[in-house]
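Me: Please examine the model shown below and answer a series of questions on its fold and its chain contact.

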Amino acid sequence: MSPAPPALEVKGLTKRYDDGTVALSEFDLAIPEGKFFGLLGPNGAGKTTLISAVCNLIRITEGEVCVFGQPADCLQARRWVGLAEQDINLDRFLTVEETLIYHGGYFGMSKDDACARAHEMIDVFDLRGKVDVRTPKLSGGMRRRLLLARALMHRPRLVILDEPTAGVDFELRQELWRYIRKLHEQGTTILLTTHYLEEAETLCEEIALIRGGRLIARDTSGGLRERYNADSLADVYVKAMGAPR
Amino acid sequence: MHGYSGTAGMLWLIRRETLRISKLWTQTVLAPIVSSGLFILVFGFSLANRIREIDGVPYKQFIVPGLITMAMVQAAYSNNSSSVFQARSDRYINDVLSSPMHAWQMNLGFNVGGIARALAIGIGLGAIAVPVTGAPVREPLVLIPAVLFGLVLFSALGTIVGIFAETFDHHTFVNNIVILPLVFLGGVFYSVNLLPSPWHELTHVNPIFYLVNAVRYGFLGTSDVSVWLSLAVTAGLAIPAYLWSQWLFTSGRKLKA
């Protein structure tokens, strides 16, 4: 019996934007199924470009992206991926409930299943009081919850969270962490990008450091500290990002 | 899980596009019906005393097909251009682009929204104008393809503009500076045979002239040009326009960085 394919496998991925900027250059990455994986790097390092390539949101220049062994652009692979983007991108015409149900519909859920799951997500993310509120009228925290609920709506096997706690208060951050951990315990593979190093250290089993579109290190938090002879992940980050290329 | 075709997702996208119309129905459907209805009342009944007939058709009936066409094509265009532009601008189009749908299903899903809105307006306006003016529907077998090709053309055009537009002004610019003048100069209120040269000849290069005449033939059984030429020109523009919007979804050009 052949081993299970990785949840995410990226081979030789290059993305050159129309203005000539190379965001990723021959990038390789494999994330085993069930891992909680962190991706750290400064702004412009290529994290969001990588995520966009996995989710079919950019035209890749070269390379290959597979999700659970399937090309990322095939329909099956797309159903396996859930994305919470860094920016709040909610449909302004829909209510909280509709946002979730329509997302479920786009991802092939039946109406009954989508409705039931939407209400499950509404309870989990404490959105019950806002069910019929249109998204522009939600507070920042509520929008962030809804964004996460939407990403998880279709029960993806690989959840990609692009700075999910950016601009979120301490209480909500703790709450989101609890839910993300629970999700991981249930077997979901998670790819997290964040600028909060303690978040990566607390949550992630493995961390990759990325700079200038290239992977510069990958290990557990402890392994990275040892490798860079650092006391904390913050020190690792400073040393890794400050090192000559 | 395997063998999923994306059809369910496309149907939800169509549902979303029509939900948007129904939520804003006073703006999206009622307002165009009222304004076109006023055109029929003001022009049809006030000018009917001065212009009794054109090509043997009472003037108040003569303007009905053109006004219905004008309301429908503007709705098909503006619905899609604003919906797609807003989805791009607020980036919630990513929810569709990342979903398990084929490019043709996304294109069709967005385009159906404009067609549905235009049909709601056309049917509503027809339900008022036909009994009020007594305009007949003589050639439904011409009317149906004429309307269909016209709506495909303008909904696809709206989708294309929605994809290319960088600001909301671009969407209104095309509507106000291109579509509206072409519609007005396309023989909505007059027969091209009444125009002197060179306006008579110039009107024949206006594509909307052919659409208006195809729809007019469907209603009244009269047209300034061959109905087959009108249908051919309209279809000849609708098909490439639809293929262009399809290409944008397939290639990801302007939709994906």
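**Sheet, helix and interface**

Reply: Strand E1 (residues 8–16) and strand E4 (residues 62–67) of chain A pair in the antiparallel sense over five bridges. Strands pair if DSSP finds at least two bridges between them, and helices (H or I, at least four residues) and strands (E, at least two) are DSSP runs numbered from the N terminus. This is a predicted model, in which local features need pLDDT of at least 70 and side-chain atom pairs count only at pLDDT 80 or more, while totals for chains, interfaces and linings use all residues. Residues are numbered from 1 along each chain as its sequence is written, and chains are lettered from A and ligands numbered from 1 in the order in which they are written.

Me: Which residue in E4(A) stands opposite A:Thr14?

Reply: Strands of a sheet pair through backbone hydrogen bonds, either parallel or antiparallel. For E1 and E4 of chain A the sense is antiparallel. The residue of E4(A) opposite A:Thr14 is A:Glu62.

Me: Which strands stand at the edges of the sheet in chain A?

Reply: The open sheet has four strands in the order E2-E1-E4-E5 (chain A), with antiparallel pairing. Each edge strand has a single partner strand, so one side of each is left without a neighbour in the sheet; these strands are E2 (22–31) and E5 (70–71) of chain A.

Me: How many residues of helix H1 (residues 47–54) of chain A are buried?

Reply: A residue is buried if 20 or more other C-beta atoms, placed from the backbone, lie within 10 Å of its own. Among the buried residues of H1(A) are A:Lys47, A:Leu50 and A:Val54. The helix is largely enclosed by the rest of the structure, because the buried residues of H1(A) number eight of the eight.

Me: What is the radius of gyration of chain A?

Reply: Chain A comprises nine helices and ten strands. The radius is taken over C-alpha atoms, and the globule rule is 2.2 Å times the number of residues to the power 0.38. For 245 residues the rule gives 18 Å, and the value for chain A is close to it, so the chain is as compact as a globular protein of that length, with a radius of gyration of 18 Å.

Me: Which element gives the most to the side of chain B that touches chain A?

Reply: Residues are in contact if their C-beta atoms, placed from the backbone, lie within 7 Å. The contact takes 25 residues from chain B and 24 residues from chain A. The elements giving two or more residues to the chain B side are helix H1 (7–23) and helix H4 (93–97) of chain B. The most, seven residues, comes from H1(B).

Note on methods. Two residues are in contact if their C-beta atoms, placed from the backbone, lie within 7 Å. A residue is buried if 20 or more other C-beta atoms lie within 10 Å of its own, exposed if 12 or fewer, and partly exposed in between; C-beta atoms are placed from the backbone.
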